[in-house]
Amino acid sequence: MLLIAGPCSAESPQQLMETARGLTGCGVSVFRAGLWKPRTHPGSFEGVGAEGLPWLVAVREETGLAVATEVAGAKHVEACLAAGLDALWIGARTTTSPFLVQEIAEALSGTDIPVYIKNPVQPDPELWAGAVERLQRAGVRRIGLVLRGFTTPESGPYRNAPLWPLAVGMRTRFPGLPLLVDPSHIAGQRGLVEEISQKALDLGLDGLMVEVHAHPDSALSDAAQQLSPEGFRSLLGALQERAADTDAPDYREGIEALRARIDAVDEQLLALLAARMDISREIGGYKKDHGITILQPGRWELLLERVLAEGRRRGLPEDFVRKLFETIHEESVRRQGK
Ligand code: PEP
Ligand code: MN
């Protein structure tokens, strides 16, 4: 598991070094600290900027940790490359902007530095994928993805909704890229960091980027969500890593039996769907013979109401049933038109 940890922002050489010392010897391979901070409101702490570059280099010299910061434009990239940083990340607000991502990609062209791309703030996988493609076209070979959650109308207890299925979709689309999770920006408060990290590991994702500050409560940005180095170590102690797979015979026997049951149900599902579509075609012919339009007002709403109620009775989530039947209905309408 790849571990990236460090403060939200670099604040002073002492704060960086004290935090980094607290992170040695526990499996962290990259030390992170934001130098240029994209803050929602002006007048908040906007980072120390290029002044912090030598502080990061000093951290690497003393602790041996690789050092990384966020870049939001070509000037940042150039300054980081000149200072000799080991890795970069593109923040969630920047991933939303193809202009900025393109500018960053061009500034990276011909270099070999690893770049992590955080998801865009809005739940649009195309913007995220587009950022990957822009970097790939510029010849950046070492790219990682970081899920830091999304701005959605409803994010439950979290600051940013994780939308795990969207991240899993990105993994399927870019199977060669490591996918990390930033539980700190998803959580927004330190008490929720562990459950999100555990979920990431349960899904088999490749690592974590966690905000850690020597004195989290007095941090100049994101104070509520940062862990102390001790808190981070106890997080690592609490997390349970699952293996991707195993050849252990008792596990294999059990999982194969369960998978055989799933396969049998899938076969029945497909047979039922095919039977349903045959009826749709028949209905289509019947309506045509009687000069009736394919769509009748109110029929879809009634059908949906009935299946949602039946779904509820069977403990199926409403949005799942709705999506499923929208897809089925769409194909049915197509069949009736044939
Ligand atoms: C950060 O990593 O401190 C940061 C600003 O993150 P994000 O781009 O995910 O908001
Ligand atoms: Mn932060």
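The questions below take the metal site, then the ligand beside them in the list.

Me: Which residues coordinate the manganese ion (ligand 2)?
Reply: This is a predicted model. The donor distances run from 2.1 to 2.4 Å. The donor atoms are SG, NE2, OE and OD. They belong, in that order, to C8, H185, E211 and D222.

Me: What is the sequence spacing of the donor residues of the manganese ion (ligand 2), and how many residues apart are H185 and D222?
Reply: The donor pattern reads C-x176-H-x25-E-x10-D. Within it, H185 sits in helix α8 (residues 183-187). D222 lies in the loop between β8 (207-211) and α10 (229-238). The pair links distant parts of the chain, with a separation of 37 residues.

Me: Is H185 buried or exposed, and is D222 buried or exposed?
Reply: Buried means under 20% relative accessible area. H185 has 8%, so H185 counts as buried. D222 has 18%, so D222 also counts as buried.

Me: How many residues of the shell around ligand 1 are charged?
Reply: The residues around ligand 1 include R32, K37, E70 and K118. C8, H185 and E211 are also among them. The shell divides into 3 nonpolar and 2 polar residues, and the charged ones number 7.

Me: What percentage of the accessible area of ligand 1 does the protein cover?
Reply: Start with the polar contacts to oxygen atoms of ligand 1. The side chain of R32 has an N or O atom at 2.7 Å, and a polar side-chain atom of K118 lies at 2.8 Å. For E211 the distance is 3.1 Å. Of the 300 Å² that ligand 1 has on its own, the protein covers 97%.

Key: Residues numbered from 1 in each chain as written. Chains lettered and ligands numbered in written order. Predicted model: local features only at pLDDT ≥ 70, side-chain atom pairs only at ≥ 80, totals over all residues. Heavy atoms only, no water. Donors = N, O, S within 2.8 Å, 3.2 Å for Na, K, Ca; no water. Helix = DSSP H or I, 4+ residues; strand = E, 2+ residues; numbered from the N terminus. Buried < 20%, exposed > 50% of the residue type's maximum accessible area, 1.4 Å probe, protein only. Near = heavy atom within 4 Å. Polar contact = N/O pair within 3.5 Å; in protein donor to acceptor, adjacent residues only side chain to side chain. Areas by Shrake-Rupley, 256 points an atom, 1.4 Å probe, with all protein chains shown as cover. Nonpolar A, V, L, I, M, F, W, Y, C, P; charged D, E, K, R; others polar.
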